[in-house]
Amino acid sequence: MGCHDCPSNCHAKSHQRSRFWNFFRNKQPQPLKKAQTQGVVALVGMPNVGKSVLFHALTGKYVTVSNYPGTTVEITQGVMTLGENSLAVIDTPGMYSFLPISEEEKVARNLLLNQVIDVVVHVVDAKNLGRMLPLTFQLMEAGFRVVLAINMIDEAQQLGMKVNSQHLQMELGIPVILMSATTGKGIKELKAQVGEYVNKSASLSPAY
Ligand SMILES: Nc1nc2c(ncn2[C@@H]2O[C@H](COP(=O)(O)OP(=O)(O)OP(=O)(O)O)[C@@H](O)[C@H]2O)c(=O)[nH]1
Ligand SMILES: [Mg+2]
């Protein structure tokens, strides 16, 4: 049984980060910006997997762009509506792992570890799953509620590749969505999954 099926309300527990991850956590959670939202969703993944296209599909046109404090790396934020609720969405710079090499990766990691994040959507390229799933494990190990968004499924299908999302979902114990940010396939399902995760968390109180 996957965590998301678990009847016991253990989200609070799973959200606590291990001592290993706390080692990297050098600041108290600091919101980038104040907004009246009921939760924060971070889009995370390697470069060029479609995070920004997905971000715009989720949030529409009203977005804010600001430099991450102390850096020249730009962070884009927007708001996604989910029924009566609205959630802040953060488009993070591409990262390969939690051991950063570039400034962008460092910002993405710091953002994840130092902000209050309710749900992480790990965006991966359906054509390169093997290369990308290790970061899924790292995100889960770090204690985030993760939804795996397998993007570019249109291209994978054109290449004759098949992804068994149900099997992956069972093995990983997290929601897995097959999607294409450019065609819109799977966006509705992704929003529903994010909403379910946010609703399962303690209560929808303002995150900021
Ligand atoms: N065919 C196809 N192309 C996609 C899809 N999603 C994104 N793309 C394309 O992939 C390229 C990269 O998309 P971005 O959204 O910029 O990727 P990103 O993850 O934000 O990249 P970084 O900001 O560099 O980390 C663009 O040319 C998109 O049009 C998809 O589902 N299908
Ligand atoms: Mg981008």
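**Ground rules.** Because the model is predicted, I kept to its cut-offs: local features need pLDDT of at least 70, side-chain atom pairs count only at pLDDT 80 or more, and totals for chains, interfaces and linings use all residues. Residues are numbered from 1 along each chain as its sequence is written, and chains are lettered from A and ligands numbered from 1 in the order in which they are written.

**Strand β6.** Six of its six residues are buried, so the rest of the structure largely encloses β6. Buried here means 20 or more other C-beta atoms within 10 Å of the residue's own, with C-beta atoms placed from the backbone. I found V146, L148 and I150 pointing one way, and V147, A149 and N151 the other.

**Its partners.** I looked up pairing next (at least two DSSP bridges between two strands). β5, residues 119–125, runs parallel to β6 over six bridges, and V121 sits opposite V147. On the other pairing, three bridges join β6 to the parallel β7, residues 176–178, where L178 is the bridge partner of I150.

**Ligand 1.** I then listed the 16 residues around ligand 1; G50, K51, S52, G94 and S180 come nearest. Near means a C-beta atom, placed from the backbone, within 6 Å. Helix α3 (51–59) and α6 (153–158) each supply at least two shell residues, and α3 gives the most, with three.

How values were computed:
Buried ≥ 20, exposed ≤ 12 C-beta atoms within 10 Å, placed from the backbone. Helix = DSSP H or I, 4+ residues; strand = E, 2+ residues; numbered from the N terminus.
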